[in-house]
Amino acid sequence: MLLHPEVAEALDAGRPVVALESTIISHGLPRPDNLRIAREIEDAVRAGGAVPATVAVVDGQARIGLDDAALDRVASDPDVDKVSVRDIAVVAARGGVGATTVASTAHLAARAGIRVFATGGLGGVHRGARDTWDESADLTTLSRTPVLVVCAGVKSILDVGATLERLETLNVGVLGYRTDRFPGFYLRDSGHGLFWTAETPGQVADVLRQQDALNSAGYGLVLANPIGIADELDHELHDRTLHAGLAAAHQAGVTGKDVTPFLLDFFHRETHGASLAANVALVLGNARLAAEVAAAYAS
Ligand code: PSU
Ligand code: MN
């Protein structure tokens, strides 16, 4: 692993660092806006008082913190692969370029000693998983990776109830940030309730410290931060696009790791940018909150 000098220095000094994933840049956001948005996400981490560490595999090397050239590669290179934990070694061995998912970002961040990670939405149990067995490795990875993931819940393209059940089985705690409803990414409420909530970054940092003391198995934790009221997607537009997108994926025969990028792209095209605006707003909010938690944890 190659740590960016600024990240290495911050970690050595015990200063706050927030890991960021790169699949959101390469496969989750449309080009060419994705590069600008990637920089805005890093800026939001800085504004919250932490050093951003975007994770990716570049020319076969796992990198923690990207310089401008590397960020540009991830955003623009047509050959960039979506890389989960099981893919890291393969892409590294062949000298490839890979964008890391929540699972692989959490895995590499934990190896680097980073405790807090921000993203948009977590992967989860896909609808129809009863037949396809399609469950994101994000869930099992979090069950054995001591990282806090700050996200806006999961998209309703997934089976949200099943995802929450699996998180419970896998010993991954879920805290609602100033809400007792599990957020649905574009929507503030997925329709599912949460048991635990936190009101301040300091309260979340307290949970991390208790985990460090008590949780030797290294389970992960999810901080579910809903999109802002003003940024929420129109409910009717959301439901309509969701149903059309699921039907289109089925019809196109999309399976495996292509399902999530297909549906994200469908949303961005069909809502004429409304879902993209919501997506950007919620990611920036998560980056900011993650930085505040990391700062509280470091102090
Ligand atoms: N959900 C989103 N945006 C995303 C992803 C999920 O709202 O960009 C990405 C993340 O990188 C996540 C991955 O880890 O998709 C999950 O993919 P899969 O379902 O193939 O595990
Ligand atoms: Mn999958």
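Trainee: How does the lining of the largest pocket divide by class?
Mentor: By class, that lining has 15 polar residues, 13 nonpolar and nine charged. Here Ala, Val, Leu, Ile, Met, Phe, Trp, Tyr, Cys and Pro count as nonpolar, Asp, Glu, Lys and Arg as charged, and the others, Gly among them, as polar. The class with 15 residues in the lining is therefore polar.

Trainee: What kind of model is this?
Mentor: Residues are numbered from 1 along each chain as its sequence is written, while chains are lettered from A and ligands numbered from 1 in the order in which they are written. Side-chain values use heavy atoms, with hydrogens and water left out; local features need pLDDT of at least 70, side-chain atom pairs count only at pLDDT 80 or more, and totals for chains, interfaces and linings use all residues, in what is a predicted model.

Trainee: Which residues that line the largest pocket are closest to its centre?
Mentor: On a 1 Å grid over the protein atoms alone, a pocket is an open set of points with protein on both sides within 12 Å along at least five of seven lines, and a cavity is a set where a 1.4 Å probe fits but cannot get out; lining residues have an atom within 4 Å of a point. The volume of the largest pocket is about 700 Å³. Of its 37 lining residues, the closest to the centre are K82, T101, S136, D138 and T260.

Trainee: Where does ligand 1 sit?
Mentor: A molecule sits in a cavity or pocket if more than half of its atoms lie within 2 Å of its grid points. By that rule, ligand 1 sits in the largest pocket.

Trainee: Which element gives the largest share of the shell around ligand 1?
Mentor: The shell has 16 residues, with E21, K82, S136, D138 and K155 coming nearest; a residue is near if one of its heavy atoms lies within 4 Å. Helices (H or I, at least four residues) and strands (E, at least two) are DSSP runs, numbered from the N terminus. The largest share of the shell, three residues, comes from α2.

Trainee: How much of the exposed area of ligand 1 does the protein bury?
Mentor: Taken alone, ligand 1 exposes 470 Å² (Shrake-Rupley method, 1.4 Å probe), and the share buried by the protein is 91%.

Trainee: Which element supplies the largest share of the lining of the largest cavity?
Mentor: There is one cavity of 30 Å³ or more, and about 80 Å³ of space lies in the largest cavity. Of its 13 lining residues, L20, E21, I24, I41 and A118 are closest to its centre. The largest share, three residues, comes from α3.

Trainee: What is the phi of R178?
Mentor: R178 is in the loop between β9 (173-177) and β10 (181-184). Though not a glycine, R178 has a positive phi of about 55°.

Key:
Points joined across faces, edges and corners; volume = space filled by probe spheres on them.
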